[in-house]
Amino acid sequence: MIEIRGTGPAEFTDRLETVMSIYTAAMHPPAEQITGRQAIMRGHGAHPDFRCLFAELPDGRTAGFAYGFHGLPGQWWHDVVYQALQERSGTEVAEAWLGDSLELAEVHVHPDYQGKGIGRALVHALCEGRPERSAVLSTHDHPTAARHLYRSLGFTDLLTQFVFPGGYEHYAIAGAVLPLR
Ligand SMILES: CC(C)(COP(=O)(O)OP(=O)(O)OC[C@H]1O[C@@H](n2cnc3c(N)ncnc32)[C@H](O)[C@@H]1OP(=O)(O)O)[C@@H](O)C(=O)NCCC(=O)NCCS
């Protein structure tokens, strides 16, 4: 039986090592990116209305985590995506999706526990009871489990084949109206 447990920024920061080990097992990032990614995640913990959920096994091991926060101007991802959406679809659309949004920043389940409904439960629980109008996220623009999961939860593509500044991989930016269906 998996328990989904909510935490705030303090416990998230304390458990960054666990977070990073699940992230690394799930995403296989290049080794040279891990330190930078950890610093980015630590910074995320300081964003407003930050909430992290851990999926925990009865023996205390952690199977996965998800976290998000309130998106605001001045945050790197928010500003980049706002501008791209504004250029593509206009200010009204950018404002509708990003003007009052939960940024769903990370969702990862350790490979040993994938495909058991944990990712779905984490995203649902993270979005539940949020006051924001929408939830937004980016994910690799390939036919992945994540793409399938988000679509089935009601996320629609806002931008596809999007390349972040300084990057080269293609991402989809997706959004859903809250509450999730
Ligand atoms: C994406 C992820 C968080 C989903 O968590 P999970 O616990 O494995 O997902 P769930 O068991 O809740 O299942 C999600 C759905 O994906 C489907 N799925 C699983 N593997 C799939 C695949 N390779 N391709 C397409 N769909 C797949 C499942 O069948 C399920 O759909 P269904 O309920 O309609 O049958 C997890 O797979 C993961 O950590 N992946 C690697 C890291 C990652 O991509 N994170 C997201 C970054 S944005």
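Two strands count as paired if DSSP finds at least two bridges between them. Helices (H or I, at least four residues) and strands (E, at least two) are DSSP runs, numbered from the N terminus. Residue numbers start from 1 along each chain, following the sequence as written. The model is predicted, so to speak of local features pLDDT must be at least 70, side-chain atom pairs count only at pLDDT 80 or more, and totals for chains, interfaces and linings use all residues.

**Stop one: the sheet**

Switch to cartoon and pick out the strands. Seven of them form an open sheet with mixed pairing, in the order S1-S2-S3-S4-S5-S7-S6. At the edges sit S1 (3–7) and S6 (156–162), each pairing on one side only. From one strand to the next, the twist averages 20°; angles run from 0 to 180 degrees between N-to-C directions, and axes are lines fitted to C-alpha atoms, for helices over the stretch in contact.

Now select 101–109 and 134–140. These are S4 and S5, a parallel pair held over three bridges. Click Leu102 and look across to S5: its bridge partner there is Ala135.

S5 and S7 run antiparallel and are joined by seven bridges; Thr139 has Ala172 in S7 as its bridge partner. On to S6, which pairs with S7 in the antiparallel sense over four bridges, with Asp157 standing opposite Ala174 in S7.

How many of the seven residues of S7 are buried? Five are, so that strand is mostly covered. Here buried means 20 or more other C-beta atoms within 10 Å of a residue's own, exposed means 12 or fewer, and partly exposed is in between, with C-beta atoms placed from the backbone.

**Stop two: two helices**

Select 91–98, helix H5. Bring in H4 (residues 76–89): H4 and H5 pack at an angle of about 145°, with axes 7 Å apart.

For the contact itself (C-beta atoms, placed from the backbone, within 7 Å), show side chains. H4 brings residues including Val81, Tyr82 and Leu85, and H5 brings, among them, Val93, Ala94 and Trp97. By class, this contact has seven nonpolar, four polar and no charged residues. Ala, Val, Leu, Ile, Met, Phe, Trp, Tyr, Cys and Pro count as nonpolar, Asp, Glu, Lys and Arg as charged, and the others, Gly among them, as polar.

**Stop three: the ligand**

Centre on the ligand. Its shell takes in 19 residues, the closest being Gln114, Gly119, Arg120, Ala145 and His148; a residue is near if its C-beta atom, placed from the backbone, lies within 6 Å. Which helix gives the most to the shell? That is H7, with five residues. H2 (16–27), S4, H6 (118–127) and H7 (145–152) each supply at least two. The shell divides into eight nonpolar, nine polar and two charged residues.

Zoom to Leu178 and Pro179, joined by a cis peptide bond with omega about -5°. Pro179 sits in the segment after S7.

Next, Asp49, in the loop between H3 (34–44) and S2 (51–56). Its phi is near 55°, a positive value in a residue other than glycine. Asp49 is partly exposed because it has 15 other C-beta atoms within 10 Å.

Finish at Gln161 in S6, where phi is near 50°, again positive in a non-glycine residue. With 9 other C-beta atoms within 10 Å, Gln161 is exposed.

Conventions
Contact = placed C-beta atoms within 7 Å.
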